[in-house]
Amino acid sequence: MDLYEAIKGRRSVRKFKSTPVPKDLIEKIFEVALWAPSGMNRQNWKFFVLAGERKEELVSISSTSFQYLEPQLQQLYAEKPKIIESTRRFFKRLGEAPIVVCAYFEPANMEDVTSFQNVAAAIQNLLLVAHAEGLGTCWMTGPVTVANEISRFLGVKDMTLVAITPMGYPDETPKVPPRKPERVVYQGFE
Ligand SMILES: Cc1cc2nc3c(=O)[nH]c(=O)nc-3n(C[C@H](O)[C@H](O)[C@H](O)COP(=O)(O)O)c2cc1C
């Protein structure tokens, strides 16, 4: 798949088929995704990839984060209760994805602002390569509100959870959200 096509065609997927994702495909995707840039080339990202029973337990812990998101959603979508309900459903089971990925950074003697961006660059690569391989993902920071519980479950110490994403073969075709205009300011051009 062409890079332009991958960037424009990737969507957040919130409903997945139960078809298992082969581990060697996930390894192939990560091999490419981790060619992201990073501040001082620290490459201080760390990804946990969960399947099977471990994934089920993670989903159950992650689902408890919805309670922290709900008040915000109630404000934002007071007139659209269906959005709140579909988000609640999605958080409960993460769209039945067979795989869930948790993205962390390790301390690397640098400002957190750089570490967050290192991981974000690798996550975006991951999402794009997964899409090129026919897989869906959904970058999620909602579950970070229960980062302590997730880290305890994974046995992680002294690392920062940046985001999680479900991963699997899509079972929906999400709408294409239009781009906002005037997001780039050009100066000094003739
Ligand atoms: C940093 C970040 C955090 C996000 N957190 C969530 C989340 O917690 N739950 C969710 O359903 N989607 C989440 N999303 C997905 C966005 O809602 C989605 O990217 C946006 O609506 C645009 O849709 P698209 O990804 O299909 O282009 C997040 C995306 C980003 C980049």
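Two residues are in contact here if their C-beta atoms, placed from the backbone, lie within 7 Å. The model shown in these views is a predicted one.

**View 1. Isoleucine 99 and its contacts.** Leaving out residues up to four places away in sequence, isoleucine 99 touches Val21, Ile26, Val49, Leu50, Ala51, Lys55, Met167 and Gly168.

**View 2. The four-stranded sheet.** The strands form an open sheet in the order β1-β2-β4-β3, with antiparallel pairing. Because β1 and β3 stand at the edges, each with a single partner strand, one side of each is left without a neighbour in the sheet. Strand β2 (residues 99-105) is joined to β4 by seven bridges, the two running antiparallel, and within this pairing alanine 103 stands opposite alanine 163. Strand β3 (residues 136-137) is joined to β4 by two bridges, again in an antiparallel arrangement, with threonine 137 opposite methionine 167. Strand β4 itself (residues 160-168) is mostly covered, as seven of its nine residues are buried.

**View 3. The surroundings of the ligand.** Around the ligand stand Arg11, Ser12, Phe90, Cys138, Trp139, Met140, Thr141, Gly142, Pro174 and Pro177. Sorted by class, this shell has six nonpolar residues, three polar residues and one charged residue.

**View 4. Methionine 140 in its loop.** Methionine 140, one of the residues surrounding the ligand, is placed in the loop between β3 and α7 (147-154). A residue is buried if 20 or more other C-beta atoms lie within 10 Å of its own, and methionine 140 therefore counts as buried, with 20 such neighbours. Apart from its neighbours within four places in sequence, methionine 140 is in contact with Ala163, Ile164 and Thr165. Phenylalanine 189, by contrast, is 49 residues from methionine 140 in sequence and 38 Å from it in space, taken from C-alpha to C-alpha.

**View 5. Helix α5 and the residue that follows.** Helix α5 (residues 81-93) has 13 residues and reaches 19 Å from its first C-alpha to its last, close to the 18 Å expected at 1.5 Å a residue. Just after α5, leucine 94 takes a positive phi of about 50°.

View 6. Asparagine 41, a residue other than glycine, has a positive phi near 50° and lies in the loop between α2 (23-33) and β1 (45-50). A residue counts as exposed if 12 or fewer other C-beta atoms lie within 10 Å of its own, and asparagine 41, with 8 of them, is therefore exposed. Glutamate 182, which is not a glycine either, has a positive phi of about 55° and lies in the segment after β4. Glutamate 182 is likewise exposed, with 5 other C-beta atoms within 10 Å.

How values were computed:
Residues numbered from 1 in each chain as written. Predicted model: local features only at pLDDT ≥ 70, side-chain atom pairs only at ≥ 80, totals over all residues. Near = placed C-beta within 6 Å. Nonpolar A, V, L, I, M, F, W, Y, C, P; charged D, E, K, R; others polar. Pairing = 2+ DSSP bridges. Expected span 1.5 Å × (residues − 1).
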